[in-house]
Structures are given as structure tokens and as C-alpha cells.
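Here is a short briefing on one structure.

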Amino acid sequence: MTYFGAMQNEIYNAGLRGVLPAYPVDFATLEKRAHEALGPSLTNYVAGGCGDEHTQDQNAAAFRRWGMVPRMMVDCSARDLSIELFGHRYPTPLFMAPIGLNGEATQDRHGDIAAARASALTGVPFCASTLANDPMEDVKAACGETPAWFQLYTPKNRELAISLIRRAENAGYKALVVTLDTWVTGWRPRDLNASNFPQLRGKVLQNYFTDPVFRSLLAKPPEEDPAAAIFTWAATFGQVLTWDDIAWFKSVTKLPIVLKGICHPDDARLAVEHGADAIYCSNHGGRQANGGIAAIDCLADVVEAAGDTPVLFDSGIRSGSDAVKALAMGARAVGVGRPYTYGLALGGAEGAAFVLRAILAEADLLMAVNGYPTLAAVRAAGVRRTAG
């Protein structure tokens, strides 16, 4: 059993030798330093949201409206944060949410490999995005012994979709996470004001450019005519999905199918009825649609509607406390997004691993102090709505 909270002892003991942490342990400082490292263009894309970013801001702020009541006289000298999911026992309830511009976040522009290495260093599973600067096979290899999942932006071309899924299977990914809310890009003023959409400049398209079916659609290889390859990518990106498509996914893969973007309880029920193996409650971090409510405020209803089907969650997670609250509401696993990408920007794999360890340490210590020795105890304690 790993005691993640021991990280604070490492930091304090290092301080006795005059050694300060290489990276911030709080999100505000992490974000500030990462924006400086990323520069304006990448910061706009990674940090930006849809519209006036109200939904994105509410995703994070809403956690303050939920609280947990501590219990005393409970032996929490041992804590268990492990979970069962997709037939595997994970040592932590966290996972690394798919981020489509990870590849650009590191100085060497191989941020997907760095994120995978952070997964290997921490045991936190990585959900690799279709949008990447390195082929999915190389990314999976960098995950080492830690299981990984593959997130699919379903293309309009069915043969290309099957090819991407087969590659994920052959590479050893353990689940297929199908994103539902990005068949078209939301209105993102930061990127629009800068007239900057990285994919149209050839960024993070290596899973397409290395795919045999995609390459068969081109008159010339991407290496010889990148502009034509980018145009072809844009033309094939973004299949509109309906509930009838779930049967097709189940016919072409035996991987567990996770539906990402579910926020309404009726959609959760439909997902279960159509055979989804897991539901992923998320509003894309507020990047795709503005005017919605915070994803965390949708979670409890989604969990109730899902019944025995596991529910994953992301959107607005900034700390270990946030993660524990989502777990208390019934999430089986909680996705960390921007924080670990900011870690990539500051220190590559080591920076991202540090951020993940810090979030786990805070979660572990919250459980210890509040009298929750297990995640079952966290869920039994639940959350209360506050006036904050």
C-alpha cells in the first residue's frame, strides 16, 4: 500500500538541506509559471475555454460549493486509494485525462511521450488523445507497465475509424474512450482572436499521418505535401454520433467502450441501455460549450442514473481535495487535465509526475485527517452543499 501523503515529508526533509521543490504544489502558482513557459499562443489553446469562459471557470469554482464533514476517532493510519476498473486494479483513483495539445507542451514537442512517461513513473493511467505529436504505439510503449486508454475522435471515414481502433488494440490500450462533444469545435475567442488553430498548422496529427488508411486517402504522403494532408484531416474529422452508433463500436472492438461527455442523467441511462461499459461525465473542461453548468454539479445525477456502470469524471479538477469530492459523489475514477499538462510545460515527464504526486498526496492526507481510510468510506461520507 502506497502512502501518497508521504510526499510532504520528502519536501520538508529536503528543505532542511536547503532544497526547495522543483515545481509548485499549488495550482495558482503552477498555472502562472506554466503560462510563462508555454508562451501566449499555446497558453491560449491550453488554458482557453468557450465563449466568455464562464462554464470553464464554474467547473473549478463549483467545488467550493461542496464540502465534506470530517469524522474523528477513526484509525486512518493506513489508507487505500486503489480502484477496480476495466478488469484491472489501479493503485490510485486518478487518471490523466486526454489533452489534445500535450505534444506541443514540452520543449522537444514530444509531450505525449513525456505524459506517458509520467504515467509510468506514478502508476496513474494515461488516456492518450487521438491528437498527438507521436504515434499511439510509441506513446503506449512509454507508459511502461501502467495500463493506458485511448481516446478516439471518431472520423467520418469508417475505415479510418476502424484502423485507429485496431492500432489501439494492437498497441495494448485497455479501453476505448469515445468523445461525443467534439464533432465540431466550440467558439473559442482566445484562439479566434489570434487566428490560431494548431491542427490546421499541422500540429498533433501524427496518429493520422502514420495511419495506413489515412495515407491511402492522399495523392502524396504527408511528408511531401503536408498542406493536402492537413486539408484531408480537416475534411474527415468529426463524425456526428447517435445512439445507434454504439452497436457499431461494439461490433468492431472488444475493448471496453467509454462514452465521454455525458452530463444528463437520461443520457447516462441511454448509454447503459446501449451497452456502454463506462460513462465519462465531462463537459470538456468548458472548452466546447459555454452557458452550461459545472460538470461536478451534474455528477451525482449521472452516477445515480448509471446504476452499476462505472462513472469516470473530469472538468475542473485542480487539487486532491477536488478529486476526493468527486469520488465522494460516486465517480469511480477522476481525470486530471490542465494541471498535469502544466507540469509537462515546466518539467516534462518529471514535472507532470510531480503534479500528479502532489494531487495524490493532498487527497491521501485529506482522507487521513477527515477519518476516511478507504474510498468506500469517502463515498459513505458523501458531500454536502455549502453556501460557498
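Arg 357 and Glu 10 form a salt bridge through their side chains, at 3.0 Å from N to O. This pair joins distant parts of the chain, with Arg 357 in helix H15 (residues 338-370) and Glu 10 in helix H1 (residues 7-15), 347 residues apart. The model is predicted: local features need pLDDT of at least 70, side-chain atom pairs count only at pLDDT 80 or more, and totals for chains, interfaces and linings use all residues. Residues are numbered from 1 along each chain as its sequence is written, and side-chain values use heavy atoms, with hydrogens and water left out.

**Terms**
- A salt bridge is a side-chain nitrogen of Lys or Arg within 4 Å of a carboxyl oxygen of Asp or Glu.
- Buried means under 20% relative accessible area, exposed over 50%, and partly exposed in between (1.4 Å probe, protein chains only).
- Helices (H or I, at least four residues) and strands (E, at least two) are DSSP runs, numbered from the N terminus.

**Salt bridges**
- The whole structure holds 16 salt bridges.
- Arg 357 is partly exposed at 32% relative accessibility.
- Arg 190 pairs with Glu 53 in a salt bridge, with the closest N and O atoms 2.8 Å apart.
- That pair too links distant parts of the chain: Arg 190 sits in helix H7 (residues 189-193), Glu 53 in the loop between helix H2 (27-47) and helix H3 (54-61), 137 residues apart.
- Arg 190 is partly exposed at 29%, whereas Glu 53 is buried at 11%.
- Asp 297 and Arg 385 meet in a salt bridge of 3.3 Å, N to O.
- Asp 297 lies in helix H13 (residues 296-306) and Arg 385 in strand S12 (residues 384-385), so this pair ties together parts 88 residues apart in sequence.
- Shared partners join Arg 65, Asp 297 and Arg 385 into one network of salt bridges.
- Asp 297 is partly exposed at 22%, and Arg 385 is partly exposed at 48%.

**Helix H10**
- Ala 229, Ile 230, Thr 232, Trp 233 and Thr 236 are buried in helix H10 (residues 226-236).
- These residues are on the same side of H10, because they cover an arc of only 160° around the axis (the arc of the directions from the helix axis to the C-beta atoms).
- Ala 227 and Phe 231, on the other side of H10, are exposed.
- The buried residues of H10 pack against helix H6 (158-171), helix H8 (206-209) and helix H9 (212-216), where contact means heavy atoms within 4.5 Å.
- Gly 238 follows H10 and has a positive phi, near 95°.
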